[in-house]
Amino acid sequence: MKASANQIRAALARPGPDIRLYLLHGPDEAGASDLARTLAKAMGPDAERVDLDGAQLRSDPSRLADEAAALSLFATARHVRVASAGEESLDAFTTLLNADRAGNPVVAIAPSVKTSAKIVKLALESPRAMAFACYAPTAADAERLASTMAGEQGLRPAPGVARRLVETTGGDRAVIAREIDKLALYLDASPERPHDLDHAALDAIGADLGEAEMGQAIDAAIEGRVADLGTELARLEEAGTSPIPWLRQLVRRLIALAEMRGEIDRAEAVDVVMKRHRVFFRDEAQTAKSLRRWSPVMLATAIARVRTAERAIMAPCNPGGVVADAAIVALAQAIARRN
């Protein structure tokens, strides 16, 4: 069945026996991961989580149903999380939904599938599944989401606080959730002990580096200034800034360069291309230099590596920001060698 944003969050917060599969599909992988954590929280701190991915389900389609029906040997509750699900998971999902029993809920994240995918159609048509399309929220939606998430932690945001949370986290739901967790702990807030969340609390411990500051690290990486990049990464780490927002900002910059480079390779003038893409006049000289140094292959490789780093950071038991630092330093070193 199809779920709205409120319905899917409520269902994951209070999983019932009627729903076996929660399918979170669409390009907003961070939002889907945040929803998946809602289920993990609902299962309790001692719950056992079984992690699978699409490749495992393709090689053994019956395993998902087996894990969903199995009893936990180490905990009172158990649930299954499937990462990077795609059409190869169709047989596994079908087996799960048709099984005689399945006591453990399954949440599947499918960022690369479209609404027309067979696994989405399967979930929409089954009364034992819920499907929700995850898209990056608009600024207004993100502010409402931040206020809702804060309220769930017992925080009452003052006017403008939700907007600051969105701006300093790049609108990333997972990062917003971590910031709210940190603020709730700092203010000793909970649903039973509500507390006002004002700008002073954000000034004290909130993420305080916005797009301009993160952009300095991105500029250093794209221009191959490795030494400057180290300084900028240290500043971001010292401020406690999550790598997710600036990784996404880096991808957007690389995609823009790739689009411009493609147009230039089709014999369009560099200045015409930059005006079409609204490059700020003070950035035109450096952008032109970057377009000469970055080849289409390098840009495609860089985009893939940055996205891989983002997925690695969002994965369970991840090594943290070092993955992002390694990815961006490698890009800077590669472009520096082309000087």
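**Reading a helix pair and its surroundings**

Modeller: Let us start with a contact, meaning heavy atoms within 4.5 Å. In helix α13, the residues P243, I244, L247, R248, L250, V251, L254, I255, L257, A258, R261 and D265 meet P296, L299, A302, I303, V306, R307, A309, E310, I313 and M314 of helix α16. The residues of this contact comprise 17 nonpolar, no polar and 5 charged (Ala, Val, Leu, Ile, Met, Phe, Trp, Tyr, Cys and Pro count as nonpolar, Asp, Glu, Lys and Arg as charged, and the others, Gly among them, as polar).

Colleague: What kind of model is this?

Modeller: This is a predicted model, in which local features need pLDDT of at least 70 and side-chain atom pairs count only at pLDDT 80 or more, while totals for chains, interfaces and linings use all residues. Residues are numbered from 1 along each chain as its sequence is written, and side-chain values use heavy atoms, with hydrogens and water left out.

Colleague: At roughly what angle do the axes of α13 and α16 cross?

Modeller: Axes are lines fitted to C-alpha atoms, for helices over the stretch in contact, with angles from 0 to 180 degrees between N-to-C directions. Here the axes of α13 (residues 243-265) and α16 (residues 296-314) cross at roughly 160° and come within 9 Å. The two helices are therefore roughly antiparallel to each other (the term for angles over 145 degrees). The crossing of α13 past α16 is left-handed, that is, the near helix is turned anticlockwise from the far one by less than a right angle.

Colleague: How many helices and strands does the protein chain have?

Modeller: The protein chain has 17 helices and 7 strands (DSSP runs numbered from the N terminus, H or I of at least four residues for helices and E of at least two for strands). The C-alpha atoms of the chain fill a box of roughly 65 × 50 × 35 Å along the principal axes.

Colleague: Is Q153 buried or exposed?

Modeller: Buried means under 20% relative accessible area, exposed over 50%, and partly exposed in between, with a 1.4 Å probe and protein chains only. Q153, in the loop between α7 (139-152) and β6 (155-157), is buried, with a relative accessible area of 17%. Leaving aside residues up to four places away in sequence, Q153 touches K41, I180, D181, A184, A189, S190 and P191. K289, found in helix α15 (residues 284-293), counts as partly exposed at 37% relative accessibility. Of the 339 residues of the protein chain, 47% count as buried.

Technical notes: Parallel < 35°, antiparallel > 145°, perpendicular 65-115°, else oblique.
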